[in-house]
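Here is a report on one protein model. Look through the sequence and the structure first, then read on.

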Amino acid sequence: MEKEVPAEMSERRTKIFAFIREFIREKGYAPTVGEIQKACHVSSKSLVNYHLEALEREGHIRRDAGVTRGIELIGLGRRGWPVPVLGTIAAGEPIPVPTEDTWHIAAEEMVEVPASMLPRNAQAFALRVRGKSMIDAFVDDGDIVVMEAVAAAENGQMVAAWLIDRQEATLKKIYYEPDRIRLQPANQRMKPIYVDPDDIEVQGRVVAVLRKVK
């Protein structure tokens, strides 16, 4: 059962706890330290952290310090981490990897992703897939791929890549070959894309797939 505001808290701490509770209840995800600071008129983020540490010691909240929105109310339960869907991977625009202050604003929608699917401390975002270039890797048209925002990937990983010369984004498996990079589709009907190493920017690697219900 969800906790009510504990009577023994200081007035400032009570206000912070109440704000967190209402924020999670309304939006389904936790506020950032900056949002708490602004809403509760706290003079600094360090003072917010002081109160959050006290709330955690007292058993009112649980925090994951490596996650931007890593506050959980004890007793409320967490279905998963909120991840912003930022667009469609086939679109000819750079992927706007979010910051702490903008990721929820840039999102077209939010999806809940089980924490077990996400690497610890990952900065995650999601993209809706258009097309069937990765169908043999079980990524179909309309599915949502959950990405870890990274600037490099290992050989064979599925990535969202921005092709600078073509000015387009693509979802492919990446392979490093002598003097070039191969972006390999998982569809026997499609040919690989070969690019110069200076003509590609990796913007994320796939860590989970949320499948469209047929």
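G28 follows helix α1 and has a positive phi, near 90°. This is a predicted model, in which local features need pLDDT of at least 70, side-chain atom pairs count only at pLDDT 80 or more, and totals for chains, interfaces and linings use all residues. Residues are numbered from 1 along each chain as its sequence is written, and side-chain values use heavy atoms, leaving out hydrogens and water.

**Helix α1**

Helix α1 covers residues 11–27. Helices here are DSSP runs of H or I with at least four residues, strands are E runs of at least two, and both are numbered from the N terminus. α1 has 17 residues and reaches 24 Å from its first C-alpha to its last. That is close to the 24 Å expected at 1.5 Å a residue, where the expected span is 1.5 Å times one less than the number of residues.

Which residues of α1 are buried? They are R13, I16, F17, I20, R21, F23 and I24. Buried means under 20% relative accessible area, exposed over 50%, and partly exposed in between (1.4 Å probe, protein chains only). E11 and E26 are exposed on the face turned away from the buried side.

| Element | Residues |
|---|---|
| α2 | 33–39 |
| α3 | 45–57 |
| β1 | 61–63 |
| β2 | 71–73 |

**Nonpolar cores**

A nonpolar core is a set of buried Ala, Val, Leu, Ile, Met, Phe, Trp, Tyr and Cys residues joined through side-chain atoms within 4.5 Å. The largest has 16 residues. Its members I89, L127, V139, V145, M147 and L171 touch the most other members. Strands β5, β6, β7 and β8 each give two or more residues to this core. β7 gives the most, with three residues. A second, separate core of 15 residues includes V33, I36, L52 and I71.

**Whole protein and confidence**

The protein has four helices and eleven strands. Of its 214 residues, 42% count as buried.

Mean pLDDT, the predictor's confidence in each residue from 0 to 100, is 82 for the protein. Confidence is lowest in helix α4 (residues 103–106), at a mean of 54. It is highest in strand β9 (residues 180–184), at 96. Where pLDDT is low, the predicted coordinates should not be read in detail.

Conventions. Contact = heavy atoms within 4.5 Å.
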